[in-house]
Amino acid sequence: MKASNYILPTTKENPSDAVIASHRLMIRAGLVRKSAAGLYHYLPMGLRILKKIERIVREEMDASGALEFELPILTPAEIWQESGRWNKMGREMFRQKDRHDMDYCLGPTHEEAFTTLLKPILKSYKDLPKNVYQIHTKFRDEIRPRFGVIRCREFLMKDAYSFHVDENSLDETYQLMRKTYRKIFTRCGLKTIPVQADSGNMGGSGSEEFMVISPVGEETLSICPACGYSGNVEKTPVIYNFGEGKIEIPPFEKVHTPDKKTIKEVADFLGVQESDTIKSVLLKADEKLNTAIFIRGDREINEVKLNNFLKTSELRPLTEDECLSLGLIPGFTGPILEKKENLKVLFDWSIDKNKAYVTGGNEPDYHIKNFVVFRDLASVPNTFDFGLAVESDPCPQCNKPLKLEKGIEVGHIFKLGDKYSKAFDVKVSAQSGKTITPLMGCYGIGLNRTMATIIEQCNDENGIFWPISVAPFEFSLVSITKIDEEKRKIEEIYEYLTNNGLEVFWDERDLGPGFKFKDSELIGFPIRITLGKNFFEKKEISILNRKNKMEINLNYHTNEDLKEELLKMKTQLYKELEA
Ligand code: ATP
Ligand code: MG
């Protein structure tokens with residue numbers, strides 16, 4: 001490809017709404033342009049990258065035995081009503097009416113569509129297992145589209161859905177997808193770690209997210225450097241190592257704490273640590289269930305764990321009026337409460353039942369000192385894990401300290417169980433002659449997000465350095481001459497390389513060398529070939545490795561030799577991806 005025939009709107013200016021490297025660089029390198037919030041145009045150079053990622057994903061999915069489909073993006077409301085997600089999805093769904101006033105939505109995901117499609121096709125256990133997928137556009141009206149294509153409203157996803165007769169078969173495909181994802185991301189030059197993720201009310205270890213560690217990630221991961229455990233904090237069990245044995249604690253005592261409502265205020269006022277207090281978190285779940293959760297003062301509630309426990313999906317704080325009508329005093333609520341019909345009281349397992357704590361006195365301006373669960377509650381409650389793991393908490397596997405990191409989710413594998421097959425009443429005949437409801441799994445990868453996270457991992461002060469497998473062109477050729485005869489010689493080399501299967505982007509524009517070098521480094525072609533003065537005077541070709549910035553000089557003999565050298569370099573770069 002010749003630069004003069006191309007559209008290459010590189011810029012020096014950083015877009016004002018770009019706060020992360022990939023967003024800035026995608027715009028500056030002329031890969032994408034913004035259309036509206038969360039909507040991006042792909043320009044030719046950007047599209048080549050996306051297509052290469054797509055090809056890798058498709059090759060590996062096909063190699064795993066999955067079958068490619070293509071379903072309409074526009075999906076009828078009925079199927080969403082049948083699964084119950086028409087209402088549940090809320091405003092994230094782009095809804096649409098047709099001329100007959102029928103409801104549709106632009107698919108944010110395709111469990112419903114694939115399940116209804118396959119229901120009449122899969123009839124017997126002999127038809128299973130099957131894994132079906134597509135690589136297609138998804139729409140999600142995200143509350144906060146941001147970080148360029150990392151969280152956008154229209155994006156490309158590979159979504160796969162598998163169908164099984166039993167748990168073993170589901171697990172086999174799940175493990176195969178896990179391996180396939182590792183291959184896909186390795187081939188893309190992206191370092192990911194699979195972390196255990198929340199699997200909703202299903203429980204078990206049926207969900208993993210493929211994360212790219214990055215300070216701009218929206219997810220928090222807990223990682224154990226000692227044993228390799230990794231989990232999304234949403235899922236990480238919080239471990240407390242309480243001391244043994246009981247110590248004598250004086251009876252509890254009411255203390256006057258005027259206007260001291262927050263844990264910090266109370267702890268400072270009474271001269272204790274926040275971890276020596278128990279706080280109450282008063283919440284409304286799904287607009288119907290009132291809950292008071294008691295948790296150690298320095299700890300926070302993990303909403304995912306709590307929702308799973310309550311089998312709800314949304315939590316909000318109770319308003320002051322709601323608290324008062326339940327007889328709860330905001331800022332002074334403690335565990336010594338009368339049983340109330342319309343209030344669920346829960347205890348987090350951060351609370352050591354043998355230890356003395358400061359807690360609310362259930363009376364304005366009063367707290368209680370030396371409260372002990374075992375001693376001071378009429379019936380000792382069970383405690384559950386509702387807490388959010390923090391840095392240095394013990395690893396749930398080996399008890400060594402955990403590290404917390406930020407991460408971006410690029411892929412997700414998930415055991416759905418019979419959620420959708422049941423909702424759509426999918427039945428296949430079993431070997432025994434009876435009918436069974438198949439189990440399902442689903443497996444997603446965001447392609448645009450993958451592209452952006454590769455840039456997050458592969459950029460420096462000059463721009464992007466693409467892994468060779470997804471680079472828009474493997475080679476850039478910068479020519480520096482104004483002499484026609486020399487131009488012709490370079491054209492001959494360019495033609496030779498291109499005709500022999502090398503992907504070369506030839507910058508033959510009538511621009512200064514500095515400008516052309518900068519562009520090639522900004523866009524991030526892995527190998528740059530420079531043909532200028534040294535070539536015509538000394539037959540020397542300079543070759544730059546974009547990533548490590550090493551430049552070597554090659555003596556030019558024949559086009560054939562040059563091609564062989566370049567192929568060697570290319571092979572070497574592919575090898576490095578696997579290391
Ligand atoms: P997130 O928690 O980031 O919103 P999700 O859990 O909603 O992600 P899934 O429904 O599992 O994501 O979708 C599968 C993949 O699609 C994700 O791993 C991600 O790579 C991609 N993806 C999801 N939402 C977006 C988005 N708004 N923009 C770009 N890619 C997305
Ligand atoms: Mg989402």
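1. Let's start at the ligand: an oxygen atom of ligand 1 sits 3.2 Å from a polar side-chain atom of histidine 412. That counts as a polar contact (a pair of N or O atoms within 3.5 Å; within protein, one must be able to donate a hydrogen and the other to accept it, and residues adjacent in sequence count only if both atoms are side-chain atoms). The protein covers 83% of the 580 Å² of accessible area that ligand 1 has on its own; such areas come from the Shrake-Rupley method with a 1.4 Å probe, and for residues only the protein chains shown count as cover.

2. Before going on, keep in mind that this is a predicted model: local features need pLDDT of at least 70 and side-chain atom pairs count only at pLDDT 80 or more, while totals for chains, interfaces and linings use all residues. Residues are numbered from 1 along each chain as its sequence is written, chains are lettered from A and ligands numbered from 1 in the order in which they are written, and side-chain values use heavy atoms, with hydrogens and water left out.

3. Who else is around? Ligand 1 is surrounded by 15 residues, the closest being Arg140, Glu142, Arg151, Cys152 and Glu409 (near means a heavy atom within 4 Å). The shell has six nonpolar, three polar and six charged residues. Strand β21 gives the largest share, four residues; strands here are DSSP runs (E, at least two residues), numbered from the N terminus.

4. On layout, the chain is assigned domain 1 (49-233 + 404-456), domain 2 (253-384) and domain 3 (464-578), with bounds from an automatic or database domain assignment. The centres of domain 1 and domain 3, over C-alpha atoms, are 40 Å apart. Their contact (heavy atoms within 4.5 Å) takes 11 residues from domain 1 and 10 residues from domain 3.

5. How much area is buried between domain 1 and domain 3? About 870 Å², with 72% from carbon and sulfur atoms; this is the accessible area (1.4 Å probe) lost on putting the two parts together, summed over both. On the domain 1 side, Ile49, Lys52 and Ile455 lose the most, together 57% of what that side buries.

Notes:
Ala, Val, Leu, Ile, Met, Phe, Trp, Tyr, Cys and Pro count as nonpolar, Asp, Glu, Lys and Arg as charged, and the others, Gly among them, as polar.
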